[in-house]
Amino acid sequence: KIHTMAWKRICQPKCNGGLGLQTSKEANQAYLMKGGWELSSRKNDLWVQIIRSKYRCGNSTIPNMGFE
């Protein structure tokens, strides 16, 4: 038999009876912020140069993705 548990309870800290997992929304935001940081701080990496040229971000510290 499968024992089910609410996702909110699974995402609680272990000391509160959960498994200490992040919600998918929080994990996605963290990965997006990490990617944004890499785009702004590692301008000499090849993959950053490719992404910046593909989306025409320019050379500014914070890339302008052309959504203006």
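This report covers the salt bridges and a nonpolar surface patch of a predicted model.

Local features need pLDDT of at least 70 and side-chain atom pairs count only at pLDDT 80 or more, while totals for chains, interfaces and linings use all residues. Residues are numbered from 1 along each chain as its sequence is written, and side-chain values use heavy atoms, with hydrogens and water left out.

**Salt bridges**

Side chains of opposite charge can pair when their charged atoms come close. With a salt bridge taken as a side-chain nitrogen of Lys or Arg within 4 Å of a carboxyl oxygen of Asp or Glu, the count is two. Glu38, Arg42 and Asp45 are linked in a network of these bridges.

| Salt bridge | N to O distance |
|---|---|
| Glutamate 38 – arginine 42 | 3.0 Å |
| Arginine 42 – aspartate 45 | 3.0 Å |

Burial is classed by relative accessible area: buried is under 20%, exposed is over 50%, and partly exposed lies in between (1.4 Å probe, protein chains only). Glutamate 38 is buried because its relative accessible area is 16%. Arginine 42 has 40% and so counts as partly exposed. Aspartate 45, with 22%, is also partly exposed.

**Nonpolar patch**

Trp7, Leu19 and Leu21 make a nonpolar surface patch of about 330 Å². Patches consist of residues with over 30% relative accessible area and no salt bridge, like charges being joined within 9 Å and nonpolar side chains (Val, Leu, Ile, Met, Phe, Trp, Tyr) within 5 Å. Accessible areas come from the Shrake-Rupley method with a 1.4 Å probe, and for residues only the protein chains shown count as cover. Leucine 21 counts as partly exposed because its relative accessibility is 42%.
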